[in-house]
Amino acid sequence: MNQYANNPVSGTLYVIATPIGNLSDITRRATETLEKVDWVAAEDTRHSKPLLNSLGINQTLLSLHEHNEAQRTEQLLEKLLNGENGALISDAGTPLINDPGYYLVKRLRKEGVNVVPIPGPSAVITALCAAGLPTDRFTYEGFLPARSSKRLLALENLVKETRTLVFYESPHRLIDCLQDMQQTFGEQREIVVARELTKKFEQFVSGSLLEVLTYFTENSDKVRGEFVLMLAGAELKNDEESAAAMVETDKMIQVMLKQSLPVKQISEMIAEITGEKKKAIYQRVLEFKAQ
């Protein structure tokens with residue numbers, strides 16, 4: 001456990017959420033903070049300049065993106081240790097959520113620099129609250145791999161996930177992604193696709209994977225903007241099904257142990273066959289081996 005003590009003489013970095021589309025969603029606290037800091041680190045200064053202009057804020061902008069974050073972090077750290085206050089914003093929404101900033105924040109925490117979040121819009125939460133899918137438990141997976149083979153592998157690892165699954169996707173990969181989801185989860189798994197959140201053409205499309213894929217295939221004019229894909233989780237097995245599955249798993253473990261196969265290999269083979277987590281199977285194999 002790490003506990004970072006704040007450096008009493010350093011400045012503060014404010015991590016500020018900005019609108020994901022509708023500029024009216026900027027909070028008063030965010031605006032006031034952007035006005036008072038000494039500088040603003042932005043993912044793309046060309047994108048952030050119009051936002052600040054719309055708020056009537058004239059600020060020093062410094063770029064911080066995936067290609068310069070390590071170098072820029074050291075520069076910003078020095079400024080903060082000298083007592084300056086700064087802000088971190090991304091192109092839209094809450095920084096660090098699929099955006100740069102993790103390296104910077106981790107470094108500042110380690111050095112005891114005060115980091116303060118200024119909450120606001122987030123596409124993940126905005127989409128979920130209006131999707132009509134379970135929100136008591138969900139997992140955010142970000143962008144799936146661009147290549148279909150890797151994307152299918154990532155999806156296969158989520159087949160038995162019971163939480164609502166949330167992904168980001170770009171327009172040029174939407175159809176391919178939905179096709180791979182249908183192949184992996186079946187035609188009838190429920191999905192909700194949100195696009196252009198908080199903007200003029202905001203839209204939620206819901207139904208089975210087959211229905212939603214058909215809709216976007218037949219309406220190519222709607223394959224535009226930013227997409228959030230929310231997939232219903234797998235249904236929980238009832239007690240009888242779970243017990244039956246455990247019996248079958250135990251039988252496979254016993255057969256493979258008789259063949260003197262290594263514990264790790266047995267775990268990997270059974271996990272691939274059943275879709276269960278390797279760690280749980282590994283522990284089960286050890287229990288049988290100890291008997």
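Which residues of helix α1 are buried? In this predicted model, the buried residues of α1, which spans residues 28-36, are Ala30, Thr31, Thr33 and Leu34. Viewed down the axis of α1, these buried residues fall within an arc of 165°, so they line one face of the helix.

- Arg28 and Lys36 are exposed and sit on the face of α1 turned away from its buried side.
- The cover over the buried residues of α1 includes the strands β1 (12-16), β2 (39-42), β4 (86-89) and β5 (114-118).
- Helix α2 (45-54) is also among the elements that cover the buried residues of α1.

**Aromatic pairs**

- Four aromatic pairs are found in a search of the whole structure.
- Tyrosine 215 is partly exposed, with a relative accessible area of 25%, whereas phenylalanine 216 is buried, with a relative accessible area of 1%.
- The rings of phenylalanine 216 and phenylalanine 227 have centres 5.9 Å apart and planes at 80°, so this pair is edge-to-face.
- Because phenylalanine 216 belongs to helix α8 (residues 209-218) and phenylalanine 227 to strand β10 (residues 227-231), the pair ties together parts that are 11 residues apart in sequence.
- Phenylalanine 227 is buried, with a relative accessible area of 2%.
- Tyr140, Phe143 and Tyr168 form one aromatic cluster.

Definitions and conventions. Residues numbered from 1 in each chain as written. Predicted model: local features only at pLDDT ≥ 70, side-chain atom pairs only at ≥ 80, totals over all residues. Heavy atoms only, no water. Buried < 20%, exposed > 50% of the residue type's maximum accessible area, 1.4 Å probe, protein only. Helix = DSSP H or I, 4+ residues; strand = E, 2+ residues; numbered from the N terminus. Arc of directions from axis to C-beta. Contact = heavy atoms within 4.5 Å. Phe/Tyr/Trp six-rings, centres within 6.5 Å; stacked < 30°, edge-to-face > 60°.
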